[in-house]
Amino acid sequence: MTTAKSAADNRRLVETFFNVMWNTWDDATMRDILDPDIDFRGSIGLQVRGHDGFAGYMQTIRDAFPDFHNRIDDIVAADDRAVARLTYTGTHDGPLFDHAATGKAIEYAGVAMFTMAGGKISKVWVLGDRLALLRQIGAIPADG
């Protein structure tokens with residue numbers, strides 16, 4: 001079991017969250033780093049709870065963007081909190097927001113805010129540039 005005791009430990013949890021769990025679709029890591037009652041709100045606007053809810057969210061993203069990648073641009077960590085500035089990339093190869101796959105490459109920015117408890121990530125709120133994403137997949141006009 002991971003125990004976050006410092007800003008450095010929190011930073012490692014965030015790095016594992018993105019680089020291991022998300023970027024390689026490693027669902028097994030979820031149980032090691034996420035509290036069983038994780039409260040997660042993602043950049044596409046869905047809020048889920050628990051490991052099963054989070055796994056479902058990951059599958060939604062994977063279905064829409066099988067090559068989805070999170071690039072960590074910066075992390076600030078202190079006490080029981082961490083914030084990461086990110087760049088998301090991928091290819092829109094599956095439906096999202098009832099919008100059919102386009103095969104278009106996407107890239108948009110985001111920020112993820114984390115709360116840690118008991119050595120695990122207990123809350124995550126991701127604020128992504130949803131407008132940029134919707135424009136790139138053609139869900140709204142580029143000038144709208």
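This is a predicted model: local features need pLDDT of at least 70, side-chain atom pairs count only at pLDDT 80 or more; totals for chains, interfaces and linings use all residues.
1. The chain holds 4 helices and 6 strands. What order do they take along the sequence? The pattern reads α-α-β-β-α-β-β-β-β-α.

2. **Overall size.** The radius of gyration is 15 Å, and the globule rule gives 15 Å for 144 residues, so the chain is as compact as a globular protein of that length. Along the principal axes, the C-alpha atoms fill a box of roughly 45 × 25 × 20 Å.

3. **Inside and surface.** How much of the chain counts as buried? The share is 42% of the 144 residues. The accessible surface comes to about 7,200 Å². Carbon and sulfur atoms account for 50% of that surface.

4. **Contacts along the chain.** Take the contacts between residues at least 6 apart in sequence. Of these, 54% join residues at least 24 apart.

5. **Charges.** The chain carries 15 positive and 20 negative charges.

6. **Confidence.** The mean pLDDT of the chain is 93. A value of 70 or more is reached by 96% of the residues. Where is confidence lowest, and where is it highest? The lowest mean belongs to helix α4, residues 130-136, at 93. The highest belongs to strand β4, residues 81-91, at 98.

7. **Gly50.** Find this residue in helix α3, which covers residues 50-64. Is Gly50 buried or exposed? Its relative accessible area is 12%, which is under the 20% cut-off, so Gly50 counts as buried. Set aside neighbours within four places in sequence, and Gly50 is in contact with Pro36, Asp37 and Ile38. Asp35 is 15 residues from Gly50 in sequence. In space, the C-alpha atoms of Gly50 and Asp35 are 7.6 Å apart.

8. **Ala139.** This residue sits in the segment after α4. Its relative accessible area is 33%, between the cut-offs of 20% and 50%, so Ala139 is partly exposed. Which residues does Ala139 touch, not counting those up to four places away in sequence? They are His99 and Leu134. Now compare Ala139 with Ala7. These two are 132 residues apart in sequence. From C-alpha to C-alpha, Ala139 and Ala7 are 39 Å apart in space.

9. **Trp25.** Look in the loop between α1 (7-22) and α2 (28-33) for Trp25. The backbone deserves a check here. Phi of Trp25 is near 55 degrees, a positive value in a residue other than glycine. Is Trp25 buried or exposed? Its relative accessible area is 12%, under the 20% cut-off, so Trp25 is buried.

10. **Asp98.** Here is another backbone angle to check. Asp98 is not a glycine, yet its phi is positive, at about 60 degrees. The residue lies in the loop between β4 and β5, where β5 covers 105-117. Is Asp98 buried or exposed? Its relative accessible area is 85%, over the 50% cut-off, so Asp98 is exposed.

11. Trp25 is buried at 12% relative accessible area, whereas Asp98 is exposed at 85%. Trp25 belongs to the loop between α1 and α2, and Asp98 to the loop between β4 and β5.

Notes: Residues are numbered from 1 along each chain as its sequence is written. Side-chain values use heavy atoms; hydrogens and water are left out. Helices (H or I, at least four residues) and strands (E, at least two) are DSSP runs, numbered from the N terminus. The radius of gyration is taken over C-alpha atoms; the globule rule is 2.2 Å times the number of residues to the power 0.38. Buried means under 20% relative accessible area, exposed over 50%, partly exposed in between (1.4 Å probe, protein chains only). Contact means heavy atoms within 4.5 Å. Accessible areas come from the Shrake-Rupley method with a 1.4 Å probe; for residues, only the protein chains shown count as cover. Lys and Arg count as positive and Asp and Glu as negative; His and the chain ends are not counted. The place of a charge is taken as NZ of Lys, CZ of Arg, CG of Asp or CD of Glu. pLDDT is the predictor's confidence in each residue, from 0 to 100.
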